[in-house]
Amino acid sequence: MEGGGAPELAPDPAARALGEAEKLQKPLRWTEPDEQVGLSEEATVATFAGVGLRSAVCGDHVMRRGRHYATFTLRSLRSAYLGVVGAGFDPTTGGRAYASPQGWVLRTTSGSLFHANRVSTWEGKPEFNELKE
């Protein structure tokens, strides 16, 4: 062994899985907001008071397989698009998640599902403004 250092050990898959599971128990934190989105309360609150649409991403949580969910609280109910994006999506460039081929996004006021700037209807879709607490 050159350099006298300890041999490099392969990461333990069970320890990695435990670390990922523990991370999922913590509140989501917004990590990549558009420049017009403000973060507060330890990055658990994203605020946009301007005009138009902006994106923010919780980039510390990677979905590898299985079922995942997140709970969001909308403090002011104008309209929001909530969903998932692929790892290559970058909101800091002004990209819109609903228009991206990497995005699958639900609009809160209509219940419509957007992907690659196309809207689709789905079985059980709520009527306009039917989504509530």
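Trainee: Leaving aside its neighbours within four places in sequence, which residues is Ser112 in contact with?
Mentor: Ser112 is in contact with Val105, Leu106, Arg107, Val119, Ser120, Trp122 and Lys125, where contact means heavy atoms within 4.5 Å. This is a predicted model in which local features need pLDDT of at least 70 and side-chain atom pairs count only at pLDDT 80 or more, while totals for chains, interfaces and linings use all residues. Residues are numbered from 1 along each chain as its sequence is written, and side-chain values use heavy atoms, with hydrogens and water left out.
Trainee: Where is Ser112 found, and is it buried or exposed?
Mentor: Ser112 is in the loop between β6 and β7; strands here are DSSP runs (E, at least two residues), numbered from the N terminus. Ser112 is buried, at a relative accessible area of 11% (buried is under 20%, exposed over 50%, partly exposed in between, with a 1.4 Å probe and protein chains only).
Trainee: Which residue in the hairpin of β6 and β7 takes a positive phi?
Mentor: Gly111 does, near 75°, and the hairpin has five residues between the strands. β6 and β7 are antiparallel and share two bridges, pairing being assigned if DSSP finds at least two bridges between strands. Across this pairing, Val105 stands opposite Phe114 in β7.
Trainee: And how many bridges join β5 to β6?
Mentor: Five, and these strands also run antiparallel. Gly83 faces Val105 of β6 there.
Trainee: Changing topic, how many aromatic pairs does the structure hold?
Mentor: It holds three; rings of Phe, Tyr and Trp (its six-membered ring) pair if their centres lie within 6.5 Å, with planes under 30 degrees apart stacked, over 60 edge-to-face and the rest tilted. One of them is Tyr81 with Tyr98, stacked at 5.3 Å centre to centre and 25° between the planes. Tyr81 lies in strand β5 and Tyr98 in the loop between β5 and β6, so the pair ties together parts 17 residues apart in sequence. Tyr81 also forms an edge-to-face pair with Phe114, at 5.5 Å and 70°. Because Phe114 lies in strand β7, that pair ties β5 to a part 33 residues apart in sequence.
Trainee: Are these two residues buried or partly exposed?
Mentor: Tyr81 is partly exposed at 24% relative accessibility, whereas Phe114 is buried at 14%.
Trainee: What is the mean pLDDT of the protein chain?
Mentor: The mean is 75, and 80% of the residues reach 70 or more, on the predictor's per-residue confidence scale from 0 to 100.

Terms used: Helix = DSSP H or I, 4+ residues; strand = E, 2+ residues; numbered from the N terminus.
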